[in-house]
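Hi,

Here is the structure I said I would pass on. Have a look at it first, and then read on for what turned up.

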Amino acid sequence: MTLETFAFLLASGLVLGGLYALMASGLAVVWTTLGVFNFAHGAMIALGAYIAWQVTQYTTGGAGFLLGAGVSVAIMFCLGFAMHYVLVKPFELHANLVLLAVITTLAAASIMENAILLSWGPRDKQIAPPFTGNIEFLGTAIGIHDFVILAIALAALLALALFLRRTTAGRALRAVAQNREAAELMGFNVSRLVAMTIGLSAATAALAGVFVGSLRFISPTVGTDPLMKSLIVVILGGVTRFTSPIYAAFIVGLAEAFSAYFLVLYWAPAVLFAMMIIVLLIKPEGLFGRRTRTL
Amino acid sequence: MKYAPSFQRTNGFWPVVIALCIAAALPFFFTETHIRHILILIFVYAILASNWDLSLGYGGIVNFAHIAFFAIGLYTYGIAAKIIGLDPWLALLLAPVLAIAFAALLAIPVLRLEGIYVILVTIAAAQLLFQLVVSQGDFTGGTSGMVLIPRLEIVGYRLSSDGRIGYYYLSLLLVVFSTVFLYKLERSALGRAIKALRDNKYYAISRGVSEGRIRLLTLCASAIFPGLAGAFYGAYLRIASPDVFGLGFLTITLSILLLGGISTIWGPLIAAVVITAFAEILADYGASRSIIIAAMIIAVVVVYPGGLYAAMQEIWGLGTRLRTNVTAAWRRRFQASLRQEAMGVKDHLVETRHGPVSVCDTGNGDQTIIFVHGNSSCKEVFRRQFDEFAGQYRLVTFDLPGHGVSPNGNPDEDYAVEAYAEIIRNLVDSLDLKTPIVFGWSLGGYAALEYAARGTP
Amino acid sequence: MSAPLLELRGLSGGYPPVSVFRGVDMTVGNNEAVGLFGPNGHGKTTLLKTVAGLIDPRDGDIFFAGERLNTEGKMRPRTSRHLNYDLFRRRRISAESVVRQGLIYVMQGNLLFPEMTVEEVLDIAPQAARGRGGAAQMRDLVDAVFPRLRERWHSKIRFLSGGERQMVSIAAGLLALPRLLILDEPTLGLSPKLRIELCEAIAKIRAENVPLIVVDQNVEFLTSLVDRLYLFDHGAITREIDGSAMPSHEEVMTMMFGEAH
Amino acid sequence: MGRYSRILAIGTAICALTTSAAMADLVKIGVLAPLTGPTASDGEEFVRGARLAAKEANANGGIAGHTFEIVTADVVDHSAANVTSAVERLLGTEGVHIILTGYASLSMFEVELMAEANMPYIAAGPSPQFAGIVSGDPSAYDCCWSFTADFKGYETDVTPTIEALLAAGHFPLDNKTVAIISSDNPYSKTISEGMKSAFGDAGWTVTVDELVPFGPVGDWRPILAKVRENPPDVVINTDYIPSNAALFTNQFREDPTDSVVFLQYAPLVPEFVELTKENSDGILYNAIGATLDVDAWPRGQEVAKKYKDEYGVASGAYGTGLYEMATVYFEALDKVGDPTDHDAVGKAIVETKRPVTSGFLEFDPATHVARQGIDHVPVTFFQIQDGGGVMISPDKYKSGEFKKPGWMSE
């Protein structure tokens with residue numbers, strides 16, 4: 001294998017990894033806080049992408065892209081916030097919370113997908129990438145846009161991590177995730193904090209959607225594949241810590257790129273699912289996880 | 001089981017008989033194959049959902065690979081009947097065997113995990129199976145599936161002839177068998193062990209229930225009829241395609257299960273009819289149809305998590321309460337003389353903290369004796385005591401809430417020993433009974449003890 | 001006499017349909033420390049959780065500093081077992097509003113937030129006290145009472161010992177500027193050395209005139225600390241003992257379980 | 001046409017004329033289409049094409065005294081359950097006497113249901129699957145016809161066409177190497193397998209032979225890395241999903257090799273060019289059954305224009321295809337007169353010999369599949385030039401010449 005090929009695969013793996021990290025961290029944040037799996041995460045990615053696309057129809061170029069991303073993140077945050085009150089809060093004390101949340105989030109995903117279909121139609125679309133052209137990366141050419149996206153994704157994750165660790169508001173969110181009753185006794189409005197967490201998750205989904213929509217293409221069902229991928233990432237990494245799915249995302253991205261080269265892409269999904277079962281069997285808390293849940 | 005009445009003596013007997021008769025007669029009213037097709041689909045969904053309830057509702061194992069049992073049945077039938085050339089009926093019987101084998105395999109990871117991890121590992125297992133099916137294109141037809149799977153015939157008669165009437169009755173038969181199986185299982189020792197393990201795992205284990213064995217059996221038992229239904233589906237549609245692994249199929253079945261209500265056998269059957277019919281009515285609305293159905297599911301789950309069957313039971317219960325209340329009121333009004341004849345005094349309603357109760361009070365005497373009757377009884381059981389002691393003591397007795405001619409109480413509040421004790425105290429206060437002797441019979445005895453324990457002399 | 005700081009009138013509650021405590025009347029005066037003593041499993045914690053707003057009371061009222069904490073009226077019984085009442089019924093009391101009023105409940109055996117550091121926990125603790133003065137004073141008090149916490153400032157809670165966790169809990173409660181602090185079994189399961197350290201710390205807090213309700217299994221500690229003692233048994237207050245005649249351990253046992261004990 | 005049937009036809013025509021008011025009943029044309037789900041964009045085209053044909057026929061006073069209305073049934077995700085339900089719905093709808101579709105299921109199993117109900121069915125799904133079901137007992141499937149021609153040309157015609165381009169001196173032939181990438185679905189896989197043997201027979205070497213799982217592909221770069229290690233003369237990707245093909249094109253253009261690029265089907269879908277913009281200039285693709293919107297084939301131009309005038313957007317293969325299927329049915333109905341006589345309609349359809357948008361339509365009685373070939377439905381080769389497909393082969397229809405793609409060296 002030449003250095004060129006290696007660089008090429010590395011770039012591919014890193015970009016995929018960054019994308020997966022962004023998708024999976026949103027899923028993990030909700031999971032850690034509520035202990036439920038949000039099946040609507042894929043649909044939120046799709047909806048975020050469509051909102052941004054709509055904005056870029058009015059404002060083009062780099063400004064349009066930024067504005068689109070901003071508007072999409074803001075709208076999706078509000079939607080995520082509202083979703084908590086409709087989809088989870090009403091039965092958060094119910095014994096079957098996990099199961100009920102599965103069905104409400106599945107239903108919400110169906111609503112969002114079909115609403116997208118009704119409002120934007122079924123055809124593939126792309127959010128015009130603001131950066132075109134290639135850059136040299138260790139002797140091979142890769143689209144600039146991919147790298148910019150990777151950088152923004154990492155910056156967004158870093159910002160989220162800093163928010164959660166360093167600010168009082170972020171610490172309050174972590175407190176709610178770790179011990180709900182104690183947080184309530186500290187005088188926090190737990191429902192609002194949980195809703196904020198889901199809002200944050202939706203915002204990262206929107207960002208991921210904008211990136212998918214500009215790197216790849218969007219259709220109403222574009223979220224299905226990211227949902228499965230983030231599921232795998234989250235399980236491999238474990239959900240107990242905010243950072244663990246991020247490592248796992250890069251591992252999965254790189255593994256996908258290199259295994260597609262060395263083995264065949266064909267078996268990649270099967271290998272991933274088999275890995276997922278094995279990890280669940282021997283270390284259910286994930287490769288980088290611990291027993292306690294935290295944000 | 002000793003304390004459960006036989007099915008013939010339950011409230012459900014006649015409704016089930018009537019539903020069965022209607023189901024058997026339906027094809028004569030609906031001759032179009034379209035409607036029969038929908039009915040067959042309803043039966044298939046009903047089998048899938050109600051058997052899923054065995055693991056999910058009764059067993060508490062959230063198995064998202066349940067649809068994979070169906071898929072295995074489907075592909076087993078397809079491969080056995082078409083590629084190996086087995087007799088279709090034998091292939092049909094082979095399907096559940098392989099489904100059980102897969103369930104046993106699935107049990108290995110499931111046994112080690114809890115809660116949401118079970119969901120994840122089963123999703124992964126189903127996806128892995130999907131990859132396997134798709135990759136073995138030579139046997140399974142790959143992504144497009146295998147077509148022209150042999151159909152079922154009975155001595156040359158195709159079950160699909162005469163507007164699919166054969167398939168209709170076969171699927172009805174499957175539903176009946178599946179339901180009888182689930183009903184019997186639920187009431188067997190195994191069924192009790194399954195429920196015990198769900199409700200209090202460690203207690204159940206400490207009482208000798210083997211967690212591993214029971215969970216394995218639960219999964220295997222829940223695989224039998226889905227496997228059969230899968231094979232039936234293959235024979236009926238004559239295609240085995242990998243889309244049964246998709247999220248769509250899973251969502252419909254899960255919606256049916258949750259809408260019907262978990263931990264009931266009948267709920268999923270009812271919901272299968274409701275959801276499929278509803279989806280069919282809305283078929284012309286395209287994307288809006290999915291939105292409406294999804295919104296409906298959210299609404300039900302959020303507002304009434306118990307599901308349709310629980311709602312039906314509550315409405316039924318409401319009816320019963322209304323009926324008994326009306327009867328009690330009618331008796332208070334028009335049969336007072338009969339009771340007066342027995343007791344010697346006329347009864348009247350006295351207000352208490354737990355609603356009005358019907359009281360007989362002889363009214364004179366220094367020492368009062370209060371008689372409290374037992375479960376499913378009434379104050380008139382004390383008529384001989386009233387005959388005997390009248391004159392010597394002041395005698396008081398009353399109908400507990402929901403008994404005799406007292407109005408019904410609220411089940412959460414009023415049907416408890418503590419509440420009965422409080423009623424006694426209220427009566428003592430309002431009738432000015434001073435320091436009574438309280439005589440309790442059976443349940444009344446507990447009420448009397450509770451009254452005494454509260455330190456009211 | 002001015003109105004008491006906390007007043008419970010005929011409070012009943014529990015986890016429906018089970019009723020855990022009934023008809024509890026209790027008062028805590030301004031600047032008063034009150035002890036609550038009774039056997040385990042008889043509903044003390046459920047009562048205090050109700051006061052703290054974690055559980056809806058079924059009947060009765062809670063007044064704090066002259067204001068009612070719960071919404072008025074008796075909890076209406078459920079007529080349907082499956083209808084989701086959480087959707088239709090507003091909670092009758094919320095922990096958030098209770099804490100904002102300055103009634104702080106420190107839970108027993110509190111694991112707190114295992115993955116956060118002491119610093120982080122104490123950073124978010126004053127949240128509820130926004131708009132009330134005296135924060136700096138309280139910080140000094142915490143430093144003075146729990147010098148140990150400074151040493152563990154950047155340790156995660158899950159690495160702390162049980163006693164240290166309890167200290168963090170109490171410190172967090174203090175930083176919320178309590179007008180009344182409820183300590184639920186603060187010395188439960190601690191080593192004797194730590195227990196003594198914690199008891200001393202609580203005494204220091206009391207010395208700062210912080211009104212307290214303390215639940216503990218140690219009668220000596222309670223009687224040395226509080227002005228009044230309530231005996232709690234079978235979900236009801238069975239006796240109220242005034243500070244002028246604090247009984248010994250043996251006497252309390254006799255009061256609760258009779259002569260044979 | 002036999003004497004009796006001619007008399008019958010005249011008789012019917014007279015009846016139709018005399019009692020046209022009374023007899024002018026409504027025939028419903030069932031259209032199976034994915035109205036929701038991932039392929040809903042194609043479904044929209046199906047319905048539009050059929051609707052256009054019905055509107056036109058109604059405007060002309062109907063066919064044999066009948067007017068037409070479109071009823072649709074949603075096959076959603078093409079799953080067996082949804083397709084069956086949709087088919088049953090149409091079969092159960094009063095007044096449906098013909099069912100048309102672009103494609104309903106990938107396996108074409110619904111043909112079986114149509115045959116059982118004896119419902120005339122014209123489909124444009126994958127013809128090998130169709131033929132596989134029908135050829136066992138063609139007479140049992142007299143009602144079912146595949147508008148899609150035999151796919152054999154997809155497998156065989158790429159090699160000679162590229163060799164012809166080489167021979168014409170458009171680009172040098174280094175070492176006769178080809179990289180073939182396919183997706184694991186019956187359509188792409190069958191074609192890529194056939195291509196491999198066709199190239200092998202012609203003395204080519206297959207340097208890369210990749211199969212990717214069916215569904216969205218996140219990144220083609222690892223596969224492109226393999227391609228680049230040993231740059232081939234020709235790169236072929238038979239994955240037909242437009243977004244996959246578009247991503248492939250974009251990522252190929254990041255660091256292109258000195259190769260001719262051939263994609264299967266996807267460039268036919270309008271959004272492919274939209275998504276790739278100038279990156280797709282120079283890409284080759286072919287089609288069987290594409291609209292022959294060229295001067296040499298007036299029928300294709302005419303229908304394509306009609307569609308565009310009606311809906312404001314250009315049709316893909318399915319819009320005009322469904323229009324033509326409806327036309328085929330109208331012609332058959334015109335001959336038979338009675339739409340309820342499904343046997344006769346089926347037999348009339350087999351006699352179809354007429355130009356349609358995709359070529360000259362004639363069915364093979366052995367498989368009920370439209371014949372493929374230069375005189376029937378041809379395999380047409382296109383190159384994307386300045387954002388539009390230019391037909392460069394066969395010579396009979398071509399509208400332009402091959403241009404050397406920008407990424408290839410001089």
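One definition before the rest: contact here means heavy atoms within 4.5 Å. Also keep in mind that this is a predicted model.

Let's start with two helices in chain A. A:Phe163, A:Leu164, A:Arg165 and A:Arg166 in α5(A) meet a set of residues in α6(A) that includes A:Thr168, A:Gly170, A:Leu173 and A:Arg174. By type, the residues of this α5(A)–α6(A) contact split into four nonpolar, two polar and four charged. How do the axes cross? Helix α5 (residues 144–166) and helix α6 (residues 168–178) of chain A have axes that come within 5 Å and cross at roughly 80 degrees. Since angles of 65 to 115 degrees count as roughly perpendicular, that makes α5(A) roughly perpendicular to α6(A).

Next, chain C. There is an open sheet of four strands here, in the order β2-β1-β4-β5 (chain C), and the pairing is antiparallel. β2 (21–28) and β5 (67–68) of chain C are at the edges with a single partner strand each, so one side of each has no neighbour in the sheet. Five bridges link strand β1 (residues 6–13) of chain C to β2(C), in the antiparallel sense; C:Leu11 has C:Val24 in β2(C) as its bridge partner. Helix α1 (residues 44–52) of chain C packs on this sheet and touches β1, β2 and β4 (57–64) of chain C, with its direction at about 120 degrees to that of β1(C).

Chain D has some parallel pairing to look at. Strand β8 (residues 234–237) of chain D points D:Val234 and D:Ile236 one way and D:Val235 and D:Asn237 the other, and all of them are buried. β8(D) runs parallel to strand β6 (residues 177–183) of chain D, joined by four bridges, and D:Ile180 is opposite D:Ile236. β8(D) also pairs in the parallel sense with strand β9 (residues 260–264) of chain D, again over four bridges; there, D:Asn237 is opposite D:Leu263.

Now the cores. The largest nonpolar core has 283 residues, and B:Phe64, B:Tyr233, C:Phe113, C:Phe146 and D:Leu32 touch the most other members. Leaving out neighbours within four places in sequence, the contacts of B:Tyr233 include B:Leu41, B:Phe70, B:Arg238 and D:Ala81. A second, separate core has 117 residues, among them A:Phe258 and D:Phe330.

Last, the chains themselves. Five pairs touch, with the most contacts between chains A and B. Chains C and D do not touch, and their nearest C-alpha atoms are 33 Å apart.

Cheers

How values were computed. Residues numbered from 1 in each chain as written. Chains lettered and ligands numbered in written order. Predicted model: local features only at pLDDT ≥ 70, side-chain atom pairs only at ≥ 80, totals over all residues. Heavy atoms only, no water. Pairing = 2+ DSSP bridges. Axes fitted to C-alpha atoms, helices over the stretch in contact; angles between N-to-C directions. Parallel < 35°, antiparallel > 145°, perpendicular 65-115°, else oblique. Nonpolar A, V, L, I, M, F, W, Y, C, P; charged D, E, K, R; others polar. Core = buried A, V, L, I, M, F, W, Y, C linked by side-chain atoms within 4.5 Å. Buried < 20%, exposed > 50% of the residue type's maximum accessible area, 1.4 Å probe, protein only.
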